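Biologist: Could you take me through this model one feature at a time, giving the general idea before the case at hand?

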Amino acid sequence: MDQFVINLIFVGSSFALYIGIAIWARAGSTSDFYAAGRGVNPIVNGAATAADWMSAASFISMAGLIAAVGYGNSTFLMGWTGGYVILALLLAPYLRKFGRFTVPDFIGDRFYSQTARLVAVISLLVMSITYVIGQMTGAAVAFSRFLEVDSTTGLFIASAVVFAYAVLGGMKGITYTQLAQYVVLIIAYTIPAVFISLQLTGNPLPQLGLFSTHTETGQPLLQTLNEVLMELGFNDYTGNHGSTFNMVLFTLSLMIGTAGLPHVIIRFFTVPKVADARTSAGWALVFIALLYTVAPAVGAMARLNIITTLYPEGVQGEPLAFDNKPDWMLNWENTGLLRFEDKNGDGLIQYYNEANPPQRAIDEGWEGNEMVLFNNDILVLANPEIANLPGWVIGLIAAGGLAAALSTAAGLLLAISSAVSHDLIKSMINPGISEKGELLAARISMAFAIALATWLALNPPGFAAQTVALAFGLAASSLFPAIMMGIFSKKMNSTGAITGMIVGLGSTVLYIFTYLGWFFIPGTNMLPNTPENWLFGISPLSFGAVGAALNFIAAFIVMKISAPVPVEIEELVESIRVPKGAGDAVAH
Amino acid sequence: MSDKSTDAYWKANVRIITICMVIWALVSFGFGIVLRPLLAGIPIGGTDLGFWFAQQGSMLTFIALVFYYRWYMNKLDLEFGVEE
């Protein structure tokens, strides 16, 4: 059967499943819409959280990022999972006990201030919209490759599908759709990895395969990879070649950013009890780790497979001829994400590090690396083709990549719509709004957010990875410290918290824009984005952790010199700290 | 529940959180990054133990921590009679 037809069957049937679930679990009340009626089983919620959390960045980009750098990009693995320990221990149980629907709800009530609520709403909207653009772009890339349409058409298909189930279903629909999406994406990710691990090491578990013996050379896989990379003039895979200080800061930023992302936090409002919020965070982490422990194996094995493809007779032998390129290279060259150039006109593809040319390149007078472009994002999607796996595996991975992008987009849209309808309209503008009116407002704001994200993704202002970094930096520096102080400090007052959020948010935005350009518009940056120009050598990507520290410091200084917290707020904090009575919480 | 036992419950909670967070930092920032040179002598599958912690070990520890905390807190909730 034609590959296109296979892709169509896999993608089409998975979508039919999601939309069917969305219709089956339609939301009838605001409680259904925002919090799935608070009746979600903690394990189901864990899987839904995992799908909600694992975006196009986790599914499509992460293994490629690890493959490109090796050890140095372990930051993504530790950072994006370590945040769940913070969530489970420091945030989720208390926010569930608090018993409302949204993050701004908590901040507004705990800090008894509409200004605090408004600052929280603004932070949430900025970070969620920037994040959702990335998801839409990711979905568009996957559609255009696998359905063989142009990326604009791919984007419109993605918007239509997200619109259908997010708007109709609300949180209840999303929860069960995300459960289905988790199953699709984890199967899609694991199957090719198992096959590849078997091919290279004979071990069916990729997690163990990574540290096993490479069948062909008889020595450990990672040692083989290190050796071939170094022979081609690259850094070894397992060594540390960057700044340890930045690695620590970047990991920390990703961790607290994860814990501060509103679309993840709201998932813990959907379980029946406080104890279930703890359980649910544990299961979410298990389901996430199923993919995250496979990713480093996928990265290392794919890197080795690419080198073997380009040097079929070993790195000292003759490289691959242009005429013998496998189909996957031709397919991906069409997308513009992979490019070769015969610089010395010998008809062979020389692949090596031209910045640090190996002896062989000097001896033979090669004229530069001839794989001139390899976009890391294609690695996971192309992986089954690189390893010569059957067509149905390729169809499966297409469905998985789309599931990852769409589930996260839906979760983000839900966080956006709740912030607008619940926190902005119901809590601040029109408290008398009916439940029906609130639901309608939520759906309209969701439709509006989809339209905005689609439009921004049509005209991308030249950013993808940067926006995700900004979303994490914003979450880390604004919402996370405010929530944490709200729970762990009885004395933190409104003036302190508001100042903290503004200082954290402001400093992070300023630092990122200084190096990456105002609103990421190229050419408007005030300093070149190179390590020599960074303040104390801190990369803009790692600044979220610093922003969070500034938030805490500013909040405590201002708290000391402003009016103390009212007694009833101290009582509120005490009640959040004990699980008993969460069932009585009301949807105000 | 009296204020005194609320305080004791919260203190026990903060203590276990602190212990868990110390382990959390030790396996990730510690073994995975800063203390990796100390583990360089322990080989594992073509590399060293620090690499394993950075790419797998810290995640497995995180899971263990969250489930341990859950188990401990459920016990504590019952002890202090604050369970739901």
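Modeller: Keep in mind that this is a predicted model. We can begin with a helix: in helix H10 of chain A, which spans residues 221–231, the buried residues are A:Leu221, A:Leu222, A:Thr224, A:Leu225, A:Asn226, A:Val228 and A:Leu229.

Biologist: Which residue with a positive phi follows H10(A)?

Modeller: That residue is A:Gly233, and its phi is near 85 degrees.

Biologist: Let us turn to charged side chains. How many salt bridges does a search of the whole structure find over all chains?

Modeller: The general idea is that side chains of opposite charge can pair when their charged atoms come close. Here the search over all chains gives ten salt bridges.

Biologist: Which residue forms a salt bridge with A:Arg100, and how far apart are the closest N and O atoms?

Modeller: The partner of A:Arg100 is A:Asp109, with 2.3 Å between the closest N and O atoms. A:Arg100 has a relative accessible area of 18%, so it counts as buried, the cut-off being under 20%.

Biologist: And what do the side chains of B:Asp77 and A:Arg278 form where they meet?

Modeller: They form a salt bridge, at 3.1 Å from N to O. B:Asp77 belongs to helix H2 of chain B (residues 49–79), while A:Arg278 belongs to helix H13 of chain A (residues 274–292), and therefore the pair joins two chains. B:Asp77 is buried, at 4% relative accessibility, and A:Arg278 is likewise buried, at 4%.

Biologist: In the salt bridge between A:Lys325 and A:Glu333, is A:Lys325 buried or exposed?

Modeller: A:Lys325 is buried, with a relative accessible area of 14%, whereas A:Glu333 is partly exposed, with 23%. The closest N and O atoms of this pair are 2.9 Å apart.

Biologist: Finally, which residues form a nonpolar patch on the surface?

Modeller: The patch is formed by A:Leu510, A:Trp518, A:Phe519, A:Ile521, A:Met526 and A:Leu527, which together have about 590 Å² of accessible area. One of these residues, A:Leu510, is found in helix H21 of chain A, residues 494–516, and A:Leu510 counts as partly exposed because its relative accessibility is 47%.

How values were computed
Residues are numbered from 1 along each chain as its sequence is written. Chains are lettered from A and ligands numbered from 1 in the order in which they are written. This is a predicted model: local features need pLDDT of at least 70, side-chain atom pairs count only at pLDDT 80 or more; totals for chains, interfaces and linings use all residues. Side-chain values use heavy atoms; hydrogens and water are left out. Patches are made of residues with over 30% relative accessible area and no salt bridge: like charges are joined within 9 Å, nonpolar side chains (Val, Leu, Ile, Met, Phe, Trp, Tyr) within 5 Å. Accessible areas come from the Shrake-Rupley method with a 1.4 Å probe; for residues, only the protein chains shown count as cover. A salt bridge is a side-chain nitrogen of Lys or Arg within 4 Å of a carboxyl oxygen of Asp or Glu. Helices (H or I, at least four residues) and strands (E, at least two) are DSSP runs, numbered from the N terminus. Buried means under 20% relative accessible area, exposed over 50%, partly exposed in between (1.4 Å probe, protein chains only).
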